Amino acid sequence: MPAKSKLTVVAEIKERFNACPNVLLVDYRGLDVQSVSKLRSELREAGGEMVVYKNTLTQIAMRELALPSMEDLLMGPSAFIFSGDDPVPCAKVLANFSKENEALELKGGLVQSQIIDESGLKALATLPSREELLAKLLGTISNPARGMVTVLSGPARGLVTALSALQEQKEAA
């Protein structure tokens, strides 16, 4: 029978995986306490949280939740970064931090129930954030309407210009 403390940890892991659909993994070996604190702070600002769990307990929790197995990624010490709906800001923080601190190794993660590897995590870090994508979409949607307004206001603008020129001619004469 498993220890009660381990069952509690497995329940906590399951709760976190249910609450956050995006979980990124890193190997933090070689980082000093100050660097880890700085990383945690930057992740918090990006909407994420870094937690360390035992790999075996994480595998048990994922199996119980019927999530894809991350067994290949869960080798050695692993820190789990739980991010909300948008994993891109946390991925960017991790990618930038790993450039500054070579000891931080990106492993991969679970994004919307899909396993990604290290290259997938790096690709995720290059994507624009959700807000940027929504702004681009809004611009794309509004461009045809803006063009139509410009075209439709052209004759009225032309009429006003012609009347203004006619008025200036009459005043000059």
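## Strand E3 and its partners

In strand E3, alanine 79 is the bridge partner of valine 26, and E3 pairs with strand E1 (residues 22-27) in the antiparallel sense over five bridges, where pairing requires that DSSP finds at least two bridges between two strands. The model is predicted, so that local features need pLDDT of at least 70 and side-chain atom pairs count only at pLDDT 80 or more, while totals for chains, interfaces and linings use all residues. Residues are numbered from 1 along each chain as its sequence is written, and side-chain values use heavy atoms, with hydrogens and water left out.

Strand E2 (residues 48-52) is also joined to E3 by five bridges and runs antiparallel to it, with glycine 48 opposite serine 83. Strands (E, at least two residues) and helices (H or I, at least four) are DSSP runs numbered from the N terminus.

## Burial and cores

Five of the five residues of E3 (residues 79-83) are buried, that is, under 20% relative accessible area with a 1.4 Å probe and protein chains only, whereas exposed means over 50% and partly exposed lies in between. Ala79, Ile81 and Ser83 cover one side, and Phe80 and Phe82 the other.

The largest nonpolar core has 23 residues, and Ile81 is among those with the most contacts inside it; such a core is a set of buried Ala, Val, Leu, Ile, Met, Phe, Trp, Tyr and Cys residues joined through side-chain atoms within 4.5 Å. Its largest share, seven residues, comes from H4. Another core, of 17 residues, lies apart from it and includes Val23 and Leu110.

## Leucine 137

Leucine 137, in helix H6 (residues 130-172), counts as partly exposed because its relative accessibility is 46%.
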